[in-house]
Each structure stands twice: as C-alpha cells, then as structure tokens.
Amino acid sequence: MKKLLLLLTMSTIFLFSSAQNSFGIKAGVNLATMSLDEDDFSDGIDKALHPVITVSVLGQIELSYTANLTLELGLVQTGIKISDDDDNYSSLTYNNVRFSPGIAFNASDEFSIGFGPYLSYLLNGKMKDHYDGDTDSETISADDIDDEMKLDYGLNVNFNYLINDAFLISTGYSLGLKDYNAEYDDGDRLTNSGIMISIGYLFGN
C-alpha cells in the first residue's frame, strides 16, 4: 500500500509539472463523523461534528471547454466526536494521506461541480477525552492499527467557486464506502463521512 501511495504521489507531481494547465494549494476544515448508531448511546450522549483539518496540493487539466480532470493529494483528518449535555466529550482523530482524482464540470467561468473517488491510507491518530474541564489525550501510532484498517475509500462531490481565476472556495461532501465492521457478522456498518469547506489558490490559470 505504501508503494502504491508513493507511485500516486510521483504520478501526481509529474502531471502537475508537465500539464500546461493549473495547479495550486488548498486548506480547510473537515466536519467529520462516522456512522455509529446513536440509538446505542446513553441518554444525553450524542454524536457531534468533529472539526479537523485538510491540506492538499491540486492540479487541473483541461479536457474540454466544459470539463477538467482534477487531481488532489494531501493530508485529510477523519474521525468522530461524542459529547454530552455538560460539554464533556471524547474524540478520535485519524491522519490520512488521501488521493482524490475526479472530473469537474464548469457551470460557468466561476462555478464548477466535481465528482470522483478517493483512496486514503491511515498514518496515525489521537484519542482525546475532556471531562469536567480536564483533558487527556493519547497518540495512536501506526503499529497500534491493524493493516486492514488503514485503507479507506469512497466518493467525493465538490462545489467550487473561482474568484479572479485564482482564489478558490470549495465545499463538498465525502462519503466513505469502506465498512470497518465488515469482518464482524453482527457489527453495524461503520464508515467515514465529512462535510469539507476549504479555500485555495490556483497558479497557471
């Protein structure tokens, strides 16, 4: 899997550098969650959106006047946050390298809609508990995670607005298709998802 990610990285860098189109950087927030069944929680315990970060490089290759091939590679944090009525919470955050190819269709010179898959590899993570004003955290190393749990894949949809052919505002939804409980016959389906909001800057337009 690490060799595959290295190959994707080198291929993306080559395409960015060789294509006579645009490339850029993007950063923002992922309002992450996982598909836990809230009916299993105690009274007063709820899932909350877990704001974590995304940072990536991206490239855009023109296919036609109305469509572009997009390639994005970067760090995407995922996870979940569970809180109670007294503002106590527990959170789980994972750091992933994510590759996201896609197709963006231009609705106008400024606005586009993008679709595509993603492939992620989990690097490490952190658990955090906040109770009665005290916070404890624990780092999760790569060695603590089973290899079959490190891979994630899914689909992205993005709505992009370009200002002055350079400044990019992007919102979207990421739907994980990897079921982490698939090996358990009686386990509920457990997948990642997130609402992503980011800003970026494109060079070469």
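Modeller: Buried means under 20% relative accessible area, exposed over 50%, and partly exposed in between, with a 1.4 Å probe and protein chains only. This is a predicted model, where local features need pLDDT of at least 70 and side-chain atom pairs count only at pLDDT 80 or more, while totals for chains, interfaces and linings use all residues. Residues are numbered from 1 along each chain as its sequence is written, and side-chain values use heavy atoms, with hydrogens and water left out.

Colleague: How many salt bridges does a search of the whole structure find?

Modeller: Side chains of opposite charge can pair when their charged atoms come close. A salt bridge is a side-chain nitrogen of Lys or Arg within 4 Å of a carboxyl oxygen of Asp or Glu. The number found in the whole structure is three.

Colleague: Is Lys 26 buried or exposed?

Modeller: Lys 26 forms a salt bridge with Glu 72, with the closest N and O atoms 3.3 Å apart. Lys 26 lies in strand β1 (residues 22-34) and Glu 72 in strand β4 (residues 67-84), so the pair ties together parts 46 residues apart in sequence. Strands are DSSP runs of E, at least two residues, numbered from the N terminus. With a relative accessible area of 12%, Lys 26 is buried.

Colleague: Which residue meets Asp 147 in a salt bridge?

Modeller: Asp 147 is exposed, its relative accessible area being 58%. The N to O distance is 3.4 Å, and the partner is Lys 150.

How values were computed:
Helix = DSSP H or I, 4+ residues; strand = E, 2+ residues; numbered from the N terminus.
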